Amino acid sequence: MKKAMSSLTLIAGLALVPALHAEQQQSYGPHLEGFDYPHPVKRHEFSSQQQPLFMAYMDVQPEGKANGRTVLLMHGKNFCAATWEATIAVLSQNGYRVIAPDQVGFCSSSKPEGYQFSFAQLAHNTQGLLQSLDIDKVTVIGHSMGGMLASRFALSYAQNVEQLVLVNPIGLEDWQAEGVPYATIDQLYANELKTDFEKIKAYQQKFYYNGRWKPEYDRWVNMLAGMYAGDGKEIVALNQAQTSEMLFTQPVIHEFGQLKMPTLLLIGGKDRTAPGANRAPEQVAQRLGNYPELGRKAEQAIPGATLVPFPELGHSPQVEAPEVFHEALLRGLKEAD
C-alpha cells in the first residue's frame with residue numbers, strides 16, 4: 001500500500017488541525033483496501049488455528065538520532081493502527097522506533113472465519129511479529145481495547161516489556177460482574193450488520209468526545225464505516241461481533257496486581273465508554289464508565305503505577321488534544337528511562 005500524504009500537519013512533533021477532512025460514506029474492502037495509511041504497510045504472514053493469516057503493520061524508524069527504544073502501539077476496537085498517525089510521528093521524531101500493527105480481525109489484517117479470538121491469542125500473534133523483526137524489548141502503548149490487549153501482553157511476556165502505557169483502556173471494570181447482561185455472538189453480529197457512518201459517529205460523539213465534534217474526526221469514522229459499506233461487510237461484522245464477546249468475557253483487571261513493569265496511565269476524565277451499557281439496567285448503566293474513579297482505582301491496583309489525568313478530555317486524548325497528550329506521553333517515557 002503506497003504511503004499516503006498525511007492528513008495532519010506536524011510542527012515540532014505536535015499534530016495540528018488537519019487541512020483536509022475525509023469524505024463521508026466511502027467504501028473500502030474487508031482489509032481496508034483503498035484507505036491510505038500514513039506509512040508503508042507490511043505483512044507478517046503466519047499460521048494460527050490451522051489457517052494461514054497475516055498481520056499488517058507499520059515499522060517506522062526513528063528520525064534523527066535513535067534512542068535505542070522501540071514502541072509497540074496497540075489500537076482499540078473502534079480504531080486501527082492508522083489512528084496512531086500523530087503519535088507515530090511524535091515518537092519517531094523523538095528517536096523511537098515504532099511498530100504499529102493491525103490485530104487479526106481488524107482493519108488491514110486477516111479476517112478469519114471460525115477463529116477463536118482471545119487476548120492471549122492476539123498477544124501471541126503480536127509476539128510472533130516482534131520475533132520476526134528480532135525485537136526483544138518494547139514499550140507497549142495500548143488504547144481502548146488495546147489497553148486490555150497490552151495488559152495481557154505485558155502479563156504473558158513480562159520479560160519483553162520495558163514499560164506499559166495505558167491510554168483510556170477499557171476493561172478497568174468487569175462489566176459482567178457489574179451486572180451487564182451477556183449478548184451472544186449472533187446477537188452482536190445482527191447489530192454489527194446495522195453499522196454505518198452515522199451510527200459510528202453518534203456513538204463516538206456521545207461517549208468519546210463529551211458531545212463535542214471536530215470535522216477532522218470524520219476521517220476515523222469513515223475508516224471504520226467504509227469496511228461495512230464494501231463487499232466484505234459480513235466477515236467484518238462477524239469478527240467485530242467475536243471480538244466484542246471477547247472483551248466482555250475476558251477481563252484482565254483482576255490480574256493488575258501481577259504487572260511488574262513501570263506503568264503509565266493516561267486517562268481522559270470525560271470518557272464514558274462502557275461496552276454493553278446500552279443493554280444494562282438503567283441503575284447499572286449509570287454507574288459504568290466513570291473514568292476519573294476507574295483511573296484512580298487502576299493506579300492503586302497496579303504496583304508502582306503513575307496516573308496522569310486529563311480532566312477535560314475524552315476517550316481518545318491523542319486525537320482530541322495531541323499537543324497535551326504527547327507532552328505527557330514523552331515526559332512519562334523519559335521518566336522510565
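Why is the disulfide of Cys-80 and Cys-107 left-handed? Before that is answered, some ground rules are needed: this is a predicted model, in which local features need pLDDT of at least 70 and side-chain atom pairs count only at pLDDT 80 or more, while totals for chains, interfaces and linings use all residues. Residues are numbered from 1 along each chain as its sequence is written, and side-chain values use heavy atoms, with hydrogens and water left out.

The pLDDT, which is the predictor's confidence in each residue on a scale from 0 to 100, averages 92 for the protein, and 93% of the residues score at least 70. Over residues 1–23, however, the pLDDT is below 50, although this stretch has 49 contacts in the model beyond near neighbours in sequence, a contact being heavy atoms within 4.5 Å.

To return to the opening question, the structure holds one disulfide, a term that stands for a pair of cysteine sulfur atoms within 2.5 Å, and here Cys-80 is joined to Cys-107 with an S to S distance of 2.0 Å. The torsion about their S-S bond is about -85°, and therefore the disulfide is left-handed. The pair links distant parts of the chain, 27 residues apart, with Cys-80 in the loop between strand 5 (70–74) and helix 1 (85–93), and Cys-107 in the loop between strand 6 and helix 2 (119–132). Helices (H or I, at least four residues) and strands (E, at least two) are DSSP runs, numbered from the N terminus. Both cysteines, Cys-80 and Cys-107, are buried, where buried means under 20% relative accessible area, exposed over 50%, and partly exposed in between, with a 1.4 Å probe and protein chains only.

Strand 4 (residues 51–60) has nine of its 10 residues buried, so this strand is largely enclosed by the rest of the structure. Two strands pair if DSSP finds at least two bridges between them, and strand 4 pairs in the antiparallel sense with strand 3 (residues 42–48) over seven bridges, Ser-47 having Pro-52 as its bridge partner. The hairpin of strand 3 and strand 4 has two residues between the strands, and in it Gln-49 takes a positive phi near 55°. Strand 4 also pairs in the antiparallel sense with strand 6 (residues 97–101), over four bridges, and here Val-60 has Val-98 as its bridge partner.
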